[in-house]
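Visitor: Please take me through the aromatic pairs in this model. I would like a close look at the rings and at what surrounds them.

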Amino acid sequence: SGRGDHRVRETSTLKGLLGRGRARDDMSTTQILVALFLVNFVSIAGFGMLLPVFALYGEQIGASGTEIAWAIASFSLGQLVSGIVFGRLSDKHGRKPLMVLGTVGSSVLYIGHLFADTPELLILVRFAAGITSGSFALSFAVGSDISTPATRARVLGIVGAGFSFGFIFGPAIGGFAAGLVSEELAFKVVCLVSAALSFAAALAVLTLLPETRRVHEHRDGVARPRIRDLLRQLDFFTVLAVCLAATIGMSMLHGVFVLFANDVLYLGPMGIGLMYTTMGVFGVLTQAGAVGPISAAIGEHRMMVVAMLIVCTGMVALGLTATVEVALVAMIAVAIGYSLVNTASSALASLIAPEAMQGAALGLVQSVISLGRFIGPMIAGPLYDFQGPAAPFFWGAALIVLFAAGAALWHPAASHGQQSN
């Protein structure tokens, strides 16, 4: 349509970079997506590398189980605070400088982990690392900048796949690096490698990514859009609520799955690792390959509802089984469903928000995801202890299906699939 062609021209990054004509626009968009994928992979791989050695280091500095849990949770709290701030600042000052600031800050803070020799310092450093990681949300803002409404979900799915890919290989790289040295040096080596990866991500942003934010001229007498105005929109608030519910349910699963796998499935560390790797692979394939066709066929809204039901089904199946084979299929279903929910939430939030607030809108989505990742394990632990191993999965599924029913009754104006039907 004429509107779509206009939007393609408008969402081109810099005229000098993209040149003229649709072919050049498509080529440049592909280049930016490849760069984003690499940046996200390197950034998240650096974060994931710490996971195999984090608890071990906590024990070395005398941290209790509760203190280690708070050190892990403090990262999500930092993201909760910074996602909104980074997003809003990027709307005013551009995506690229803030992405560079965040990745350089992460590199510095990985080195700072080497000096966190008390539980209190470790919690503080993890919180600060969470703040700098607020720049991760800007990748989604860049994806919004270079896409049209019709391609928004597909592009954001590819952006998210870079993060998922990093989560798959980050822990493996960290475990390999730690295995080359003694247990006493493992954490230090991993921190240095993570710092190098974050610095490499900063260089990649500087050299590979253009500035994609479009300049919006402010007209006198017209109020500037504010975050509070965005939150007052029922459609946008509904997207955040559904995203929060799905993330809490998913995090309830992750919060106790290692215990469940050990107590019920009798899996060891290698089996658990393979289970998570399989989930990650299916998540990447879903985000990179399935999101686009599904959103084009049924729209982001319906994709979100169907995906939540898939997650719910997988969690119930996991709670009912005691066999590894069924548990694996259930975890794959959860991974596929949550990948679709996550991408649909970002796409809908981007489509609902005004042009000048794309960074703030997607930053809010990432902050809500961080909040869900903090709340979920806090609920799941007591449920596991007092109601049994399957309880977190059943309660998480109940929460998700409740919000899925609400989402099914909701009819957003922004879903591309609905507009085209």
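Guide: Rings of Phe, Tyr and Trp (its six-membered ring) pair if their centres lie within 6.5 Å; planes under 30 degrees apart count as stacked, over 60 as edge-to-face and the rest as tilted. This is a predicted model: local features need pLDDT of at least 70, side-chain atom pairs count only at pLDDT 80 or more, and totals for chains, interfaces and linings use all residues. Residues are numbered from 1 along each chain as its sequence is written, and side-chain values use heavy atoms, with hydrogens and water left out.

Ring pairs join F37, F41, F165 and F169 into a cluster. The structure holds nine aromatic pairs. One of them is F41 with F165, a tilted pair: 5.5 Å centre to centre, 50 degrees between the planes. F41 lies in helix α3 (residues 22–48) and F165 in helix α9 (residues 152–179), so the pair ties together parts 124 residues apart in sequence. Helices here are DSSP runs (H or I, at least four residues), numbered from the N terminus. F165 is partly exposed, at 29% relative accessible area. On that scale, buried means under 20%, exposed over 50%, and partly exposed in between (1.4 Å probe, protein chains only).

Now the pair of F257 and Y276. The geometry is edge-to-face: 5.6 Å centre to centre, 80 degrees between the planes. This pair links distant parts of the chain, with F257 in helix α12 (residues 234–263) and Y276 in helix α13 (residues 269–320), 19 residues apart. F257 is buried, at 0% relative accessibility. Y276 is partly exposed, at 27%.

What does F257 touch, leaving aside residues up to four places away in sequence? The partners are M275, Y276, L318 and M331. Contact means heavy atoms within 4.5 Å.

F257 also belongs to the largest nonpolar core, which has 90 residues. A nonpolar core is a set of buried Ala, Val, Leu, Ile, Met, Phe, Trp, Tyr and Cys residues joined through side-chain atoms within 4.5 Å. M99, F236, L253, F257, F260, L265 and L318 touch the most other members. Helix α12 gives the most to this core, with 14 residues. A second, separate core has 24 residues, including I61, Y110, V190 and C191.

Notes. Helices (H or I, at least four residues) and strands (E, at least two) are DSSP runs, numbered from the N terminus.
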